[in-house]
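Have the sequence and the 3D view ready as you read.

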Amino acid sequence: MSDAFTVLWTHDTCRALRKAGRVGERPPVAFSGVHSSLPAWSGARVGDEVYALHVNRCVVYVVTRMRVIDMERRDCCGTEPATWRDPAFAGHGDWSMLGADGCGAAAVHVDATPVRFDTPIPGELLTRLEWRNRRGRTRTLKYVVDGRLERSISLQGFYRLVAESAAELAELSGDAV
């Protein structure tokens with residue numbers, strides 16, 4: 001059975017996506033890392049879904065829904081860098097803003113819905129969303145006030161959704177992967 005996760009994309013990432021004209025396009029790759037600046041997609045497996053979220057002015061948006069195809073470096077990634085100055089994933093330069101240059105970045109090939117910034121998560125859904133840790137404990141978002149997320153700290157990272165929350169985000173995001 002596949003799992004679903006969330007990952008928070010920062011203002012810088014989303015700004016770079018817009019500036020590069022990637023809105024409406026489907027990312028073929030995302031990046032996992034070993035440093036807190038680039039969340040590790042630990043626990044994700046082939047077939048799992050990952051919802052990239054963005055918070056803007058206290059509203060949480062679903063930017064894209066990605067299904068993991070594989071987590072291996074492939075020919076499309078380009079040659080491995082010979083020096084630290086070389087791009088880590090030259091073949092994915094168009095999508096490098098998703099973390100290609102992050103500390104210990106690793107490519108995660110995905111089948112994704114188009115990038116968009118017009119799918120807000122309704123306030124009542126924000127209060128119901130739940131995540132489950134490895135020990136089976138669940139948690140909800142902190143700092144939701146009147147349907148708005150006042151602080152994004154509880155979204156920062158890579159977290160496993162409970163099945164009901166994953167189903168609600170899938171319905172909200174609409175486009176089939």
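The paragraphs below go from the overall count to individual pairs.

First, some ground rules: this is a predicted model, where local features need pLDDT of at least 70, side-chain atom pairs count only at pLDDT 80 or more, and totals for chains, interfaces and linings use all residues. Residues are numbered from 1 along each chain as its sequence is written, and side-chain values use heavy atoms, with hydrogens and water left out.

How many salt bridges does a search of the whole structure find? The search gives 10, where a salt bridge is a side-chain nitrogen of Lys or Arg within 4 Å of a carboxyl oxygen of Asp or Glu.

One of them joins the side chains of Arg132 and Asp3, at 3.9 Å from N to O. Arg132 belongs to strand β6 (residues 130-132) and Asp3 to the segment before β1 (4-8), so this pair ties together parts 129 residues apart in sequence. Strands here are DSSP runs of E with at least two residues, numbered from the N terminus. Arg132 is partly exposed at 32% relative accessible area, and Asp3 is partly exposed at 25%; buried means under 20%, exposed over 50%, and partly exposed in between, using a 1.4 Å probe and protein chains only.

Next, look at Arg65 and Glu49, whose closest N and O atoms are 3.6 Å apart in a salt bridge. Arg65 sits in strand β4 (residues 59-70) and Glu49 in strand β3 (residues 49-56), 16 residues apart. Both residues, Arg65 and Glu49, are buried. Elsewhere, salt bridges with shared partners join Asp3, Arg132 and Arg160 into one network.

Conventions:
Helix = DSSP H or I, 4+ residues; strand = E, 2+ residues; numbered from the N terminus.
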